[in-house]
Amino acid sequence: MEKQKYASKKGRERLSLAVIYTILILISLVWLIPFFLIVILSLRGEAAGMSAGYIFPKEWSFKNYITLFTETQFLRWYGNTLLVSLVVTIFQTIIVLMTSYALSRLRFKMRKPLMNLMLILGMFPGFLSMTAVYFILDSMHFTNVIGLILVYSASSAMQYYICKGFFDTIPKSLDEAARIDGASRHTVFFKIILPLAKPIIIYTILTAFIAPWGEYMFSSLIVGTGSMDNYTVAVGMWKWLENPQLRTAYFPVFCAAAVIVSIPITALFIWLQRYYVEGVTGGSVKG
Amino acid sequence: MVDLEYLKMSPWGKFWFNFKSFFKRLPSSFVAFFKAIPKKLYKLWLAFAGIFINIGKAAKDGDWKTRTSFGIMGFGLLARKQYLKGILYLVFEILFVLYMVFFGWKYLAQMGTLGVMGQVEEWDPALGAYVTKVYDNSLLILLYSLLTIFIMVAFVYMWYQNVKGNLLSQQFTEAHLALPTSKDDIKSYANENYHKTLLSIPLLGLVIFTILPTFFMIFIAFTNYGPGHSPTVNPFHWSGFDNFSSVIVGGISADGKEFAITFREILLWTIIWAFFATFTNYVLGMVVAILINKKGVKFKKLWRTILVMTIAIPQFVSLMFMSQLLADQGLINSLLMNWGWISKPIPFLTDGTVARITVIIVNVWVGIPYSMLICTGILMNIPADLYESARIDGAGPVKAYMKITLPYMLHVTTPYLITQFIGNLNNFNIIFLLTGGNPPLDVSGSTGGQTDLLITWLYKLTVSDGQYAVASVIGIFTFIVVAVLSLVLYNRSKSVKNEEEFM
């Protein structure tokens, strides 16, 4: 009797595990198939559109990749985007760290009002101010990569939230001990807090670096109205598909470009996954 | 409700109780919010009055050096050998005067009209031909006069600091205390003034690229800047609340555009969308997290990595690809037709209702990895003995989920849920890259679409229609919606937090 019950329970657990595995495999398929499709479609050699109604190419070839690099300005757009992300990463990381440290550790009269101000500013749709920003940049002839860098970096301070949450968890006694030994605020920040903040620094770098690659709204306004030389990958690739006449011809090239854009970022992301997860889970729970 | 009774409730019951009491308290918390306003105004008034008291004190108690610094900033400091500070104040004042005389004043003077004469064809005797001359550019007038106002405010602040600083330095001298030297001043920027060192650059960026443009667009909402008025050719003017009334009251404008019905439709859909997008992502993300975290499931890291990978791939890539897959002539429809499952394409993105369902489902696909991560982190923190005791009491997995997991998660992740909700109200990428807001709304003269959110409509009004003034009004309304909702929701999350800790 006892033994039978034990066995049936084990059987039930096995069944539920089997169900879970099935679901997980299904989920993984649903999540991976689109990316798999992008790769397959980018290797299609013949000129058949999406409406042809089959998946695997009749003729496998790297033709679309060759077109991408020789006949389009993709490489230039890629360079623009890379430049923007690298510079923005540096600026944004510095700005976020400075703001977070000031708001977490220093006590000054304007601290609370400042935090409220940023909260309120965050409630305005960011795009609202973009028209004005466009005119400012246009009057300085900055409707190019420089303008984009300025726009992305300038509002960085408002992303202090997660980083401040991290600084808040570092014990204050560390600061105080150093202050008693005669260290200045500046020394405390550089010698004590920053070395401890490695995970959150990596998180900030990672998110700052990835953001420009997927951003369309601001970049389409700032660089999308001018010369094609100034496009980022998002703007350029959007233009390929925007026009119904171009769409069929450019779709395989779009897929090839998507593969080229995604691979390095995904690799970077998987490599630094741990820090991303730490940042996301840490930042969301502390309200 | 007695406290004891409250404590006896199950976690789920507690949540439900809080939920109900929040809505019961809603009217009174609104009243409390407005009641607090006079108090805050009084405080503001006190702070304001304090400024004048200080200035008055400086005028009464100050010696001639301090009084001179009312006109020549930093004079008292220079006279008392605080050279660095004194020179900085003086330089600032000179720069300000130069700016006002040569630049700021002429724009500020035109702020009332925003320019009268636009582009004019004029006979140029030197060239012997007609040339186009631009006189007033309304945009630049508005932009630079706002900038001038900002700079004037900064100047008044600096002037006040200067008066205070001069008086302080005088008081130090009278009390025979050592004045801080320039070296001390510099050093203080690594210590008690360190926040100024750290925050000056971030704030400068914020003022130029966020605060000034936001003010600018708020002002634009009160002008008639639209398709009929290009800033150089035909200057635009102040038009009071005209744009607000065309968005609220409605009617078809002179150029055959309709805004009020569109606004109502889009606002409603925006809120519905934000609710469903947040809710589906959260619940399903939690389910996936629970499945992966279940004891005995192997390759946890692999499952998680597969999902996390999709966060890394730039959103415009995956979303634009999806929109191509789901198009009427797209791969999915043509595959299904080839297999003979359907005879005509499913209108994933071209029928209003279907498109709305499609965007919510695709949003699940995009959002689950993220909410799964959040939930995983928290699930691991739920004490295992809670489940153990629930099992001993005979609770099955579903009951354990309803009684332990869900209430715990809701309790811990409320702030996250609120930010997600607010974020979804302004979720540009999903809608714009997937449907572009289409199919169009069935309203004559409307520029909106059935899947448009306020933010994508705002984008279209600005970029493709040139309806800048109306777009600004929509932006202001979006702000109001977001602000009201977050005020209400955050209030509630605070009350939950303060009232009790879970378990």
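Which residues in α5(B) meet which residues in α6(B)? This is a predicted model, and in it the α5(B) side is made up of K85(B), Y89(B), F92(B), F96(B), Y99(B), G104(B), Y107(B) and L108(B). Facing them from α6(B) are I141(B), Y144(B), S145(B), T148(B), I151(B), F155(B), M158(B), N162(B) and G165(B). Sort the residues of this contact by class and you get eleven nonpolar, five polar and one charged.

Now for how these helices lie. Helix α5 of chain B covers residues 83-109 and helix α6 of chain B covers residues 138-174; their axes come within 10 Å and cross at roughly 155 degrees. Angles over 145 degrees count as roughly antiparallel, so α5(B) is roughly antiparallel to α6(B). The crossing of α5(B) past α6(B) is left-handed.

Next, the place where the chains meet. On the chain B side, 80 residues are in contact with 68 residues of chain A. Helix α8 of chain B (residues 194-220) supplies the largest share of that chain B side, with 17 residues. By class, the chain B side that touches chain A has 52 nonpolar, 26 polar and two charged residues.

| Helix pair | Axes come within | Crossing angle |
|---|---|---|
| α5(B) and α6(B) | 10 Å | roughly 155 degrees |

Finally, some backbone details. Most residues other than glycine have a negative phi, and most peptide bonds are trans. H141(A), though, has a positive phi, near 55 degrees. H141(A) sits in the loop between α5 (130-139) and α6 (145-154) of chain A, and it counts as exposed because it has 9 C-beta neighbours inside 10 Å. K81(B) also has a positive phi, near 70 degrees. The loop between α4 (75-79) and α5 of chain B is where K81(B) is found. With 12 C-beta neighbours inside 10 Å, K81(B) counts as exposed too.

And which residues does a cis peptide bond join? They are N438(B) and P439(B), with omega at about -5 degrees. P439(B) belongs to the loop between α17 (428-434) and α18 (454-463) of chain B.

Definitions and conventions: Residues are numbered from 1 along each chain as its sequence is written. Chains are lettered from A and ligands numbered from 1 in the order in which they are written. This is a predicted model: local features need pLDDT of at least 70, side-chain atom pairs count only at pLDDT 80 or more; totals for chains, interfaces and linings use all residues. Axes are lines fitted to C-alpha atoms, for helices over the stretch in contact, and angles run from 0 to 180 degrees between N-to-C directions. Helices (H or I, at least four residues) and strands (E, at least two) are DSSP runs, numbered from the N terminus. Angles under 35 degrees count as roughly parallel, over 145 as roughly antiparallel, 65 to 115 as roughly perpendicular and the rest as oblique. A crossing is left-handed if the near helix is turned anticlockwise from the far one by less than a right angle, and right-handed if clockwise. Two residues are in contact if their C-beta atoms, placed from the backbone, lie within 7 Å. Ala, Val, Leu, Ile, Met, Phe, Trp, Tyr, Cys and Pro count as nonpolar, Asp, Glu, Lys and Arg as charged, and the others, Gly among them, as polar. A residue is buried if 20 or more other C-beta atoms lie within 10 Å of its own, exposed if 12 or fewer, and partly exposed in between; C-beta atoms are placed from the backbone.
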